[in-house]
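Take a look at the chain below.

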Amino acid sequence: MFRNSFQAGFLSILYSIGAKPLHIWDKEVQNGHIKRCTDEDIQSSVLEIMGTNVSTNFITAPVDRKDILAIRLPFLVMIIKNMKKYFSFEVQVLDDKNIKRRFRASNYQSATRVKPFICTMPMRLDEGWNQIQFNLSDFTRRAYGTNYVETLRVQVHANCRIRRIYFSDRLYSEEELPPEYKLFLPIQVRTYSKPLIELKSHSY
């Protein structure tokens, strides 16, 4: 999808204020909703995904299941609001062994588990808005001993509010971010590195 696009700096795949924030995303809703609403904390439009079952309420990109994002930038950054309910997201990547690997983070799991094609890990969100920084290159290397090539698919499940989801070539400080990438509100930065250290003690 983005294979022929110039990839440097930032590449946004969801922005809640855009005219069509879900134009590259498919939606799955059962006993829940996916809608745009105004968040009282930031007084701005956000995308809300809510549902009684995390697994049956989600957005996934690209729309076509046969298509891939083909994003080579190694950092996935998500600006997410903690709704104090179960929440998870999943990223599918391709490594240099030409194997598809999935990483799934959730706030209802207590241990990191590495299996041949999927790595599941716990995630702790602070109250309010959080910035999740996901180092895909580091995760792939630590979990599988291989090198990250590109991201194929991103899936975000209930329950959360989303401001923006983007990829970047490195981690940027708040001062370095372009104005449209800032929340203009104190947010908790959650960098996913610590849980990975535990991967060494799990059987593959």
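The questions go from the whole chain to single residues.

Q: How many helices and how many strands does the secondary structure of the chain come to?
A: The model is predicted. Its elements are runs assigned by DSSP. The count comes to two helices and 14 strands.

Q: What share of the residues of the chain count as buried?
A: Buried means under 20% relative accessible area. The chain has 204 residues. Those that count as buried make up 55%.

Q: Which share of the contacts with a separation of 6 or more comes from residues 24 or more positions apart?
A: A contact needs heavy atoms within 4.5 Å. Take the contacts in the chain with a separation of 6 or more. Residues 24 or more positions apart account for 72%.

Q: Which residues touch the most other members of the largest nonpolar core?
A: This core has 43 residues. Six of them touch the most other members: Ile13, Trp25, Ile59, Phe89, Val156 and Ile162.

Q: Is Ala61 buried or exposed?
A: Ala61 lies in strand E5, residues 58-61. Its contacts include Ile24, Trp25, Leu69 and Leu152. Its relative accessible area is 0%, and the limit for buried is under 20%, so Ala61 is buried.

Q: Where does Gln109 lie, and is it buried or exposed?
A: Gln109 lies in the loop between strand E8 (100-106) and strand E9 (113-114). It touches Thr120, Met121 and Pro122, not counting residues up to four places away in sequence. Its relative accessible area is 19%, and the limit is under 20%, so Gln109 counts as buried.

Q: With which side chain does the side chain of Gln109 make a polar contact?
A: A polar atom of the Gln109 side chain lies 3.3 Å from the backbone oxygen of Ala111. Side chain to side chain, there is a polar contact at 3.4 Å. The partner is Ser106.

Q: How many disulfides does a search of the whole structure find?
A: A disulfide is a covalent bond between the sulfur atoms of two cysteines. Cys37 is buried at 14% relative accessibility, and Cys119 is buried at 0%. The number of disulfides found is zero.

Definitions and conventions:
Residues numbered from 1 in each chain as written. Predicted model: local features only at pLDDT ≥ 70, side-chain atom pairs only at ≥ 80, totals over all residues. Heavy atoms only, no water. Helix = DSSP H or I, 4+ residues; strand = E, 2+ residues; numbered from the N terminus. Buried < 20%, exposed > 50% of the residue type's maximum accessible area, 1.4 Å probe, protein only. Polar contact = N/O pair within 3.5 Å; in protein donor to acceptor, adjacent residues only side chain to side chain. Disulfide = S-S within 2.5 Å. Core = buried A, V, L, I, M, F, W, Y, C linked by side-chain atoms within 4.5 Å.
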